[in-house]
Amino acid sequence: MNEAVAKSEALVLDTAENEQLGKEVSLMESQASAVVVATEADYSVAGDLIKTIKAMQKQVKDYWDPLRVAAKRTYDDVLAKKKAMLDPLEAAEKILKGKMGDFVLEQERKRQEQEEAMRKLAQAEIDRKLDEAATAEQNGDAMGVEFAMAEAEVMQGIAEAGSIPSQKPKANGVSTSKAWKIVSVDPAQVPVSIAGAVIRPVDESAVMALIKATKGKIEIPGIKYEETVTISVRS
């Protein structure tokens, strides 16, 4: 319970009216326990005591209900004010994480672009050496063919091994992990099951589990998804 509300109620418990009502309520249970219903007169006494208890129940409700309503109003007001302060902070966090995620994805896009450019250059050099080997063969230059083919093999090895390591940006207390989001779903194209998981009717949580399990490599008819980045920040 909110501290302010708790203090307010603590003050109410100290009032004379509350103490008197509390004493009267406590006596009712002991009086009821002491009643013996053995005669019609006893029966009538018990009925009258119940009427007194009913009246006291109303008195208790009348005493506490306004306080309960006021306490709830105070509690709801505290929650509303808390939410009013937290919402902008959560929005700010989401904005920053979005920008950081976009930066990570852009760096990866540039890395892949550079890697592809290097691959194309290597392939162009391979093609050039193969052309040299073909020309040397036409000219009867066996040594030239051998040299050109050897250089082509070297370039092939470079092309296959010429990947650029992925380097994530670093910041104190910040970590990143791959994530994906489903962009669109065409139920008519989605199969009933895939990789042993039933996903019809389309169960996006099951689809997402498959995407995560295959690290974004799976292709599912009717499902389009894209990679995103999850940002975690330790305070």
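How many residues apart in helix H3 are Glu108 and Arg111? The close-ups below, all taken from a predicted model, start with this pair.

**View 1. Glu108 and Arg111 meet in a salt bridge.** These two residues of helix H3 are three residues apart, so about one helical turn separates them. Arg111 is buried, with a relative accessible area of 16%.

**View 2. The largest pocket holds about 460 Å³ of space.** Its lining is made up of 18 residues, and Glu108 and Arg111 are among those nearest the centre, along with Val104, Gln107 and Ser166. Helix H3, strand S1 (174-185) and strand S4 (223-233) each give two or more residues to this lining, with H3 providing the largest share, eight residues. By type, the lining divides into six nonpolar, six polar and six charged residues.

**View 3. Lys129 and Glu151 form a salt bridge, with their closest N and O atoms 2.4 Å apart.** The pair links distant parts of the chain: Lys129 belongs to helix H3 and Glu151 to helix H4 (residues 142-161), 22 residues apart. Lys129 is buried at 10% relative accessible area, whereas Glu151 is partly exposed at 37%.

**View 4. Asp62 and Lys58 pair through a salt bridge of 2.8 Å, N to O.** Both sit in helix H3, four residues apart, or about one turn of the helix. Lys58 counts as exposed, at 53% relative accessibility, while Asp62 is partly exposed, at 44%.

Methods
Residues numbered from 1 in each chain as written. Predicted model: local features only at pLDDT ≥ 70, side-chain atom pairs only at ≥ 80, totals over all residues. Heavy atoms only, no water. 1 Å grid on protein atoms, 1.4 Å probe; cavity = no way out; pocket = protein on both sides within 12 Å on 5 of 7 lines; lining within 4 Å. Points joined across faces, edges and corners; volume = space filled by probe spheres on them. Nonpolar A, V, L, I, M, F, W, Y, C, P; charged D, E, K, R; others polar. Salt bridge = Lys/Arg side-chain N within 4 Å of Asp/Glu carboxyl O. Buried < 20%, exposed > 50% of the residue type's maximum accessible area, 1.4 Å probe, protein only.
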